[in-house]
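Reader: Hey, I've got a protein open here and I'm new to this. Can you walk me through it?
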Amino acid sequence: SNTIGQQQQPMDCTDGVPYHEQLSLLNMECSEEDLFTIAGYDFNWRRVGRRLHQKVDDIDREESSEGDKREKMLLEWKKTKTRDATYQELVKVLRDIENNATADRVEELERKRKPQGPANVTAMASKDASSEQNG
């Protein structure tokens, strides 16, 4: 039987969070609720879908409205990629096709989802953000 992969320790969100686990928090899976929201944003779902390795032609046949196509593509992506269906992956693809406006909105959704961890992690993150804006 396949026991590999079942021995992962539950993640502890305490002050002693190791750095690599803080990083994995940065790679959050998209919530389904947010995918419905993102489906309402303006982006070329075919180009995004291809880059996310989704079957865009099938989706095109199955759904009639552009909004439904975007929704179906995003939900299929989450279903097929699960752990890899992260906000950052979507942001990366949107930036690849130079849709920075939508990428920014996806990052905004991700920020709202972030668990408020130890104060120093939160402070570090906001310090980084403000230095980026000023620099």
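Reader: Which residues is Thr102 in contact with, leaving aside its neighbours within four places in sequence?
Author: Thr102 is in contact with Tyr41, Asp42, Phe43 and Leu94, where contact means heavy atoms within 4.5 Å. This is a predicted model, where local features need pLDDT of at least 70, side-chain atom pairs count only at pLDDT 80 or more, and totals for chains, interfaces and linings use all residues. Residues are numbered from 1 along each chain as its sequence is written, and side-chain values use heavy atoms, with hydrogens and water left out.
Reader: ok, and is Thr102 buried or exposed?
Author: Thr102 is buried, because its relative accessible area is 3%. Buried means under 20% relative accessible area, exposed over 50%, and partly exposed in between, using a 1.4 Å probe and protein chains only.
Reader: Which helix is Thr102 found in?
Author: Thr102 sits in α7. Helices here are DSSP runs of H or I with at least four residues, strands are E runs of at least two, and both are numbered from the N terminus.
Reader: How do α2 and α7 pack?
Author: Their angle is about 155° and their axes are 11 Å apart. Axes are lines fitted to C-alpha atoms, for helices over the stretch in contact, and angles run from 0 to 180 degrees between N-to-C directions.
Reader: So what do you call that?
Author: That angle makes α2 roughly antiparallel to α7, a label for angles over 145 degrees.
Reader: Which residues meet there, between α2 and α7?
Author: From α2 there are Glu33, Asp34, Thr37 and Ile38, and they meet Val106, Leu109 and Arg113 of α7.
Reader: New topic: which residues touch the most other members in the largest nonpolar core?
Author: Ile38, Phe43, Val48, Met73, Leu74, Trp77 and Leu90 do, out of 25 residues in that core. At least two core residues each come from α2 (32-39), α3 (45-51), α4 (56-62), α5 (66-81), α6 (87-96) and α7 (100-113). The largest share, five residues, is supplied by α6. A nonpolar core is a set of buried Ala, Val, Leu, Ile, Met, Phe, Trp, Tyr and Cys residues joined through side-chain atoms within 4.5 Å.
Reader: What does Val48 touch?
Author: Not counting residues up to four places away in sequence, Val48 touches Phe43, Met73, Leu90, Val93, Leu94 and Ile97.
Reader: And how many helices and strands are there in the protein?
Author: The protein has eight helices and zero strands. Of its 135 residues, 29% are buried.

Definitions and conventions
Angles under 35 degrees count as roughly parallel, over 145 as roughly antiparallel, 65 to 115 as roughly perpendicular and the rest as oblique.
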